[in-house]
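Colleague: I would like to go through the terms used for this model and hear what each one rests on. Please start with the overall layout.

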Amino acid sequence: MPTLSQRRTIWSLVWDRILQRPLGGHGFFTFWDIEELTQHVLLRRGSAHNSLVEVGLGLGLLGAVPFAVIVVLAARNAGLALWRRPGTDTWMWAALVAFLLVENVTESFVLWFSYSWVLLMAAALRAPIARGDAYTALDGAKMVE
């Protein structure tokens, strides 16, 4: 497992490639197709070890912007739910999203089917909780008017 300093080196090498094609990227799974990346001793692990960097490499800004929106929505929804109605379910979502954000920064999990990606999408799509005692349908509780 690469250390943080090794990851920064990896991100720097990948960032140089992102800048070559910033808008549309190099395509899915490009990391494994670029000899310069796969031959570097730190990069033989086959990943950029950062989901946003990996999306930027593969899809450029056209993919990185929607991905960043999903991440922001997940953090926003979890934070709003916890702020408006603290409870075990909202703490669980907040903890899950916090874990996924750390996972997102240290690993790449978006270019293949990953439960981490599915959970991040679920958190992003989770309806914000209304103020007061109202529950959302996604909480599995009664709707209070």
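Modeller: From the N terminus on, the elements run α-α-α-α-α. The chain has five helices and zero strands. Keep in mind that the model is predicted.

Colleague: How much of the chain is buried, and what makes a residue count as buried?

Modeller: Of the 145 residues, 41% are buried. The word is used for a relative accessible area under 20%.

Colleague: Why is Leu 96 called buried?

Modeller: Leu 96 lies in helix H4. Its relative accessible area is 18%, and the cut-off is under 20%, so Leu 96 counts as buried. The C-alpha atom of Leu 96 is separated by 8.2 Å from that of Leu 119, 23 residues apart along the chain.

Colleague: Why is Gly 27 called partly exposed?

Modeller: The relative accessibility of Gly 27 is 24%. Buried would need a value under 20%, and exposed one over 50%. The value falls in between, therefore Gly 27 is partly exposed.

Colleague: Where is Gly 27, and which residues does Gly 27 touch?

Modeller: Gly 27 sits in the loop between helix H1 (4–20) and helix H2 (35–39). Leaving aside residues up to four places away in sequence, Gly 27 touches Leu 57 and Gly 58.

Colleague: What share of the contacts with a separation of 6 or more comes from residues 24 or more positions apart?

Modeller: Such residues account for 63% of those contacts.

Colleague: How do you know that the buried residues of H5 line one face of the helix?

Modeller: Helix H5 covers residues 115–125, and Ser 116, Leu 120, Ala 123 and Ala 124 are buried there. Seen down the axis of H5, these buried residues fall within an arc of 100°, so they line one face. Tyr 115 and Leu 125, on the other side of H5, are exposed. As background, an α-helix has 3.6 residues a turn, so residues three or four places apart point the same way.

Colleague: Which helices do the buried residues of H5 pack against?

Modeller: They pack against helix H3 (51–84) and helix H4 (88–106).

Colleague: What makes H3 and H4 roughly antiparallel?

Modeller: Their axes cross at roughly 160° and come within 9 Å. Angles over 145 degrees count as roughly antiparallel, so the term applies to H3 and H4. The crossing is left-handed.

Colleague: Which residues meet there, and how do they divide by class?

Modeller: On the H3 side they include Phe 67, Val 71, Ala 74 and Ala 78, and on the H4 side Trp 91, Trp 93, Val 97 and Leu 101 are among them. By class, the contact of H3 with H4 has 13 nonpolar, three polar and no charged residues.

Colleague: At what angle do H3 and H5 pack, and how far apart are their axes?

Modeller: The angle is about 65°, and the axes are 7 Å apart. This crossing is left-handed. H3 contributes Phe 67, Ile 70, Val 71, Leu 73, Ala 74 and Asn 77, while H5 contributes Trp 117, Leu 120, Met 121, Ala 123 and Ala 124.

Colleague: How many residues of the contact of H3 with H5 are nonpolar, polar or charged?

Modeller: Ten are nonpolar, one is polar and none is charged.

How values were computed: Residues numbered from 1 in each chain as written. Predicted model: local features only at pLDDT ≥ 70, side-chain atom pairs only at ≥ 80, totals over all residues. Heavy atoms only, no water. Buried < 20%, exposed > 50% of the residue type's maximum accessible area, 1.4 Å probe, protein only. Helix = DSSP H or I, 4+ residues; strand = E, 2+ residues; numbered from the N terminus. Arc of directions from axis to C-beta. Contact = heavy atoms within 4.5 Å. Axes fitted to C-alpha atoms, helices over the stretch in contact; angles between N-to-C directions. Parallel < 35°, antiparallel > 145°, perpendicular 65-115°, else oblique. Left-handed = near helix turned anticlockwise from the far one by under 90°. Nonpolar A, V, L, I, M, F, W, Y, C, P; charged D, E, K, R; others polar.
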